[in-house]
Amino acid sequence: MYVPLWPGKPFPLGASWDGKGTNFAIFSENATSIELCLFDKQNQETRLTLTEVSNFVWHGYLPGISPGQKYGFRVHGPYEPSQGHRFNPNKLLIDPYAKAIDGDILYGQEIFAYSWDNPEKDLACTLDDDAHLMPKSVVIDESFDWENDKLLNIPNHETIIYEIHPRGFTKLHPDIPENLRGTYAGLAHPTAIAYFQSLGITTVELMPVHHFLRYPGHLVDKELSNYWGYDSINYFAPYCGYSSSGKAGEQVREFKQMVKALHNAGIEVILDVVYNHTGEGNHLGPTLSFKGIDNAAYYRLVEDELRYYMDFTGCGNSLNVRHPQVLKLIMDSLRYWVTEMHVDGFRFDLASALARELYDVDTLAAFFDIVHQDPVISNVKLIAEPWDVGEGGYQVGNFPLLWSEWNGKYRDAVRDFWRGEEETLSEFAYRFTGSSDLYAANGRLPHASINFVTAHDGFTLNDLVSYDEKHNEANGEDNNDGEEYNRSWNSGEEGETDDPDVLNIRNRQRRNFLVTLMLSQGVPMLLGGDEFGRTQNGNNNAYCQDNQISWLDWNLQVENSDLLDFTRQLIYFRCQHPVFHRRKWFQGRAIHGSDVNDIGWYNPDGGEMTEEQWNIDFAKAVGIFLNGEEIPASGERGERIIDDSFMIFFNAHYELIEFTIPPKFKDINWVVIVDTSKSRFVENGKQYKAEVPIPVMERSIVVLRRL
């Protein structure tokens, strides 16, 4: 067919419909020519050469091209892997700026730029065309009636994050229509929203929704798929497989409707984003988009061996954040998801990889400078996973202002404390009070610490207290994948058991972890399903399990109703008491006319902890006083914040310990609010006076409120 091609404009990148036609623009610094490929309803291809080039942006305008049009690119240039170039026009490429993609990449030899049978492997290109295996980019109509929707801007210190998979959360939910399960619309369904509200969380963190490689070869051979989605191949298009309509381009509208519905319910949406690597893998990986458009620009290559990729992620490649166009891509993507899709923030996977200007991690890298001064991105929630797999990649506590971090040290310390490891008490105290040793020095506040005990990567909370060893046999790697050192304890028996003593310990430990998490200073993150005992049967790396292993089993709501009710009341309790989510650090300073501090640390006998006692190897118990009358930050209107005062007794020992109220509180009565040895949230339990010993069961917590 004849299609007139006008010069068009180099900005914006991608496909932009203006009501009369569509402008196409794509960056490539090293290409020799680029063809725009249009596909009709019968999937017949028409190729048009883009003749206009401005600052390495190839562009053209097509009148009459409207939303729903499917397209791709073929990029010509040298195929010289030894020089970093992997151009092959036989490969149809996904537009890096496509707002929608109409399906999954199908696996086959054709999506590789070289022949598997060639003894030179990737050094020689193949002429095989792969258009029949590649999904097409789609022109969309970006208009949407948001009805005055805007970012919620829930204060950081009031935030409670709930991490879920966008498919797995609703896939088995009996009260959500079957055609909506596992979709964006499923998350927007009143049943899902009512559950979020009943739980009390403020913010949903979605595992990756950027369009990703679902069927990598090593999983196809095992009849498995990439469930987690940490292999992005586009940073603008929401993954089409989570759309309920199945129509090309409709996933964008459905995602927006989901965000709008959640915002109407007062719930924020944070995206887990993967800008550190793509699904194209290493030198033997497929050619899907960036690799064929301009490999040398988009990827970090080994300087003296340009055939190979720098790999700080363990996934085969690393995006070249030193290149201005790659930085622009990332920033354009982030702004798009905030301004056009209305998301409230981001969690950056393996964020240390983004800080590698040369080889070493540099937290003053250009990416962070740009984020800091960007008027859009600097005003949303920014959370770093503060490590990668490269040398020096573990950077917990080292990210700059504006950033919060997944606090891996919190996870490790809390797990070690409750499984009874020695020399953990001092570390536990730092983590419980917000980790000022990690975040205070550079001006950050307690909300810089995203506290978590479990996350998608690793054991669920139930499995953390049920397994000493990982059980990943279902992944087809002979149980060799996944983390070996989990800081878990099976409570006396591995896996499922009917032993009532073991089950009692497990139930108590689950409550211990939840109470510790929700009463710690900082921002708590709860893994979806932990509130009702979700299990993955000991699999701590379920990245490829798009099945019942990973999907939330909603029948557990009934089976573990006590745990669910306990968690709901615990979250409500945290929200009601600002002493557990202070904006500012504890100072330990005295109230005028009294020797009572804003926080105090006590032995079980009521005496104040000494420096020597903090370092006793076998110390497993501590009492903490939190003074609700000494909260330094004021309220939203400048009012003084006054709360109840609390005493918390932690006993990680394997025997009951009797605690005594410190003598300075001898004239005060106290009431039990929480006792993790009980299956239900206590609220208003037994009252105690200072002289009466308070029994704290082995491996349990008692929280007292001052009367």
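Guide: Let us begin with a definition: two strands pair if DSSP finds at least two bridges between them. Please note also that this is a predicted model.

Visitor: How do you know that strand β3 pairs with strand β7?

Guide: Strand β3 (residues 33–39) is joined to strand β7 (residues 70–76) by seven bridges. The definition asks for at least two, so β3 and β7 count as paired. The two strands run antiparallel, and Leu-38 stands opposite Tyr-71 in β7.

Visitor: To which sheet do β3 and β7 belong?

Guide: They belong to an open sheet of four strands in the order β4-β3-β7-β10, with antiparallel pairing.

Visitor: Why are β4 and β10 called edge strands?

Guide: Strands β4 (45–50) and β10 (137–138) each pair on one side only.

Visitor: Why is Asp-304 called exposed?

Guide: The relative accessibility of Asp-304 is 65%. Exposed means over 50%, so Asp-304 counts as exposed. Asp-304 is placed in the loop between β14 (301–302) and β15 (305–309).

Visitor: Why is Asp-362 called partly exposed?

Guide: Asp-362 has 31% relative accessibility. Buried means under 20% and exposed over 50%, with partly exposed in between, so Asp-362 counts as partly exposed. The loop between β16 (345–348) and α7 (366–373) holds Asp-362.

Visitor: What makes the patch that includes Asp-362 one of negative charge?

Guide: Asp-360, Asp-362, Asp-369 and Glu-391 gather in this patch on the surface. Asp and Glu count as negative, so the patch is one of negative charge.

Notes
Residues are numbered from 1 along each chain as its sequence is written. This is a predicted model: local features need pLDDT of at least 70, side-chain atom pairs count only at pLDDT 80 or more; totals for chains, interfaces and linings use all residues. Side-chain values use heavy atoms; hydrogens and water are left out. Patches are made of residues with over 30% relative accessible area and no salt bridge: like charges are joined within 9 Å, nonpolar side chains (Val, Leu, Ile, Met, Phe, Trp, Tyr) within 5 Å. Accessible areas come from the Shrake-Rupley method with a 1.4 Å probe; for residues, only the protein chains shown count as cover. A salt bridge is a side-chain nitrogen of Lys or Arg within 4 Å of a carboxyl oxygen of Asp or Glu. The place of a charge is taken as NZ of Lys, CZ of Arg, CG of Asp or CD of Glu. Buried means under 20% relative accessible area, exposed over 50%, partly exposed in between (1.4 Å probe, protein chains only).
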